[in-house]
Structures are given as structure tokens and as C-alpha cells.
Amino acid sequence: MASVETADGFRLWYEVVGEDGPAIVLPTRVRGEQGKLAAALSSGRRVVRYKPRQVVGVLEPEDEAGGEFDPTSFTRFPAETEISDLHAVADAAGISEFVLGGYSGMGALAGFLAPLTERAVGLMVGGFPLLSGGEYWLGYVEGARAGLLTAGMPEKAAEHWLGVLMYREWLGRDDTEALAKKPGPKITWYGTGDGEPGCRMYDLVGGSAIARRTRADTARLEELGFTVLAFDGLDHIGGLAATDVVGPRLDAALSSAGW
């Protein structure tokens, strides 16, 4: 485990596993997230996990990372800062080009950022519908923020502000050309039960319909060069946790794409 200081003095935690070779960068919400998947994909590759500054200190305390950062001070999503942070982590890890990946909310962040940097030559996203559902997620984060403000919890509400800004901006963008031009691996995966009534997160985000949206978008994704992997019976939690099921197929898809 290591940390790197950004140009504006913020310190970011990151971890590298694997060997010299094609690189994958995975933003995570907590230090343990995607650790098993990173290990599963690390043979012949260098896999980097890091915590973006917007999640530092949110779900777990941080002693080795942090700095001055007020999400409520922004009126538009700070994409330039996020990209600069991503590049700083990649530089510290000794990599130039990489596949940017993530799951669920961090998959959304990866999908938002990848078209904005040429160093992300590929994209690997699970548990998030890249081409649809933006209106739902904008409404979700706006509703969560409003509820927390109403409950007198402004500090917790602030944690959702950047999500509001990101989805607002993303809905006004068309990334199809940028995604089609990415020369590296493009992979998206989902559990067939994700967002269905039996999903363990259905009561929280049942309207996300992640499996149904991704299934409906499969033809469009394939036109953009994506490999779409469906995992029978997995729900949203399973798509992240079942590394023994997900890992081998992601590994094979990356290898097939020359990564």
C-alpha cells in the first residue's frame, strides 16, 4: 500500500498488485473493495486500486489520505481534478496507459471519466448500465441529498452533491464516439438478478433495473466494441462479491482483447 500527493496537496491512497504488463486501474469506495478481483486479474498484469478524493473518509476513516476538499464548493463536477488525481496515481504506480474499471458507483465514475482521458485506452465496468438509466440515478442522488437535508444532516447530504453534478453533466453528453474509439478492451458485466425483486438491494435501488437495462443495451454496447458478460443468478452484491465466478471470465475477456 502507498499514497501519492496531488498537485494541490491532497493525498490519495493506492495499492498495486501484479507484474509489469498491461495495466488496470480500479477506483474503490473502501480499501477492501475489489481486492480479490485485483488479485484474480494480476497474473501478467499490473492492477492498481485507489480511492478517489470524493470518497476519502466517507465510508471508513483515513489516516494516510486526505486534505482540503469541500464538495459543496463546486457548481460543476470537478472532472479536471478527478482526471488529474487519476493520472497522479497512475504515474506513481509506474503506468502510462490503462483500462479503467469499477463496479456500481465506482463503475459509474469510471464510465464518466474514461472518455475524458486518452490514457484510459479501455473500460471495464460492472453493475452499472453505461448507456441508460442516467435519469434514474440523477433522481436517486438528488432524492437522497434532499432527504438528508430535510433530516438536518447537511454533512451527509454533501456526500451526494458531486453525484448530482456528475449525472447532470453526463446526461448532457454523448460519449458514443469517444467510447467507440477506445482501442483497448471494453467490457461490461452484470448479474441477471441485478435490480430484480429478488436482488438484495431491491428495496434500496429497485428502480435501477441494472440487468434489464444492460440486457436491452447489449446490441448498442457491442456496436461500440464492448464484450457484455451476463452472470446467471447473481444480484448486485453477487456481481461484486463472487470473484470466483466473475474473475475467470473477466480474465479471459481481457486476454482475448490482448490485455
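Four bridges, or 4 in the count used here, join β1 to β2, and the two strands run antiparallel. Val 4 has Leu 12 as its bridge partner in β2. The two strands make up a hairpin with 5 residues between them, and Gly 9, sitting in that turn, takes a positive phi of about 90°. All of this is read from a predicted model.

One of the pairs here is Val 17 with Val 47 of β4. Taken as a whole, the sheet is open and has 8 strands, laid out in the order β1-β2-β4-β3-β5-β6-β7-β8. The pairing is mixed. At the edges stand β1 (2–5) and β8 (227–231); each has a single partner strand, so one side of each is left without a neighbour in the sheet. From one strand to the next, the twist averages 25°.

Then come the helices that sit against these strands. Helix α3 (residues 105–113) lies across β3 (23–27), β5 (98–103) and β6 (120–126), and runs at about 145° to β5. Helix α12 (residues 243–256) also packs on the sheet, where it touches β3, β6, β7 (186–191) and β8. The direction of α12 makes about 165° with that of β8.

Helix α3 has a helical neighbour too. Its axis and that of helix α6 (residues 161–171) come within 11 Å and cross at roughly 45°, which makes α3 oblique to α6. The crossing of α3 past α6 is left-handed. On the α3 side, the contact is made by Ala 108, Leu 109, Gly 111 and Phe 112; these meet Met 166, Tyr 167, Glu 169 and Trp 170 of α6. Sorted by class, the residues of this contact come out as 6 nonpolar, 1 polar and 1 charged.

Helix α6 packs with helix α4 (residues 134–150) as well. Here the angle is about 155° and the axes are 9 Å apart, so α4 is roughly antiparallel to α6. This crossing, of α4 past α6, is left-handed. From α4, the residues involved are Gly 134, Glu 135, Trp 137, Leu 138, Val 141, Glu 142 and Arg 145. They meet Trp 161, Gly 163, Val 164, Tyr 167, Arg 168 and Leu 171 in α6. By class, the contact of α4 with α6 divides into 7 nonpolar, 2 polar and 4 charged residues. Tyr 167 of α6 turns up in the contact with α3 and again in the one with α4.

Stepping back to the whole chain, the protein has 12 helices and 8 strands. Its C-alpha trace spans about 50 × 40 × 35 Å along the principal axes. For 259 residues, a compact globule would have a radius of gyration near 18 Å, and the 17 Å of this protein agrees with that.

Methods: Residues are numbered from 1 along each chain as its sequence is written. This is a predicted model: local features need pLDDT of at least 70, side-chain atom pairs count only at pLDDT 80 or more; totals for chains, interfaces and linings use all residues. Side-chain values use heavy atoms; hydrogens and water are left out. Two strands pair if DSSP finds at least two bridges between them. Axes are lines fitted to C-alpha atoms, for helices over the stretch in contact, and angles run from 0 to 180 degrees between N-to-C directions. Contact means heavy atoms within 4.5 Å. Angles under 35 degrees count as roughly parallel, over 145 as roughly antiparallel, 65 to 115 as roughly perpendicular and the rest as oblique. A crossing is left-handed if the near helix is turned anticlockwise from the far one by less than a right angle, and right-handed if clockwise. Ala, Val, Leu, Ile, Met, Phe, Trp, Tyr, Cys and Pro count as nonpolar, Asp, Glu, Lys and Arg as charged, and the others, Gly among them, as polar. The radius of gyration is taken over C-alpha atoms; the globule rule is 2.2 Å times the number of residues to the power 0.38.
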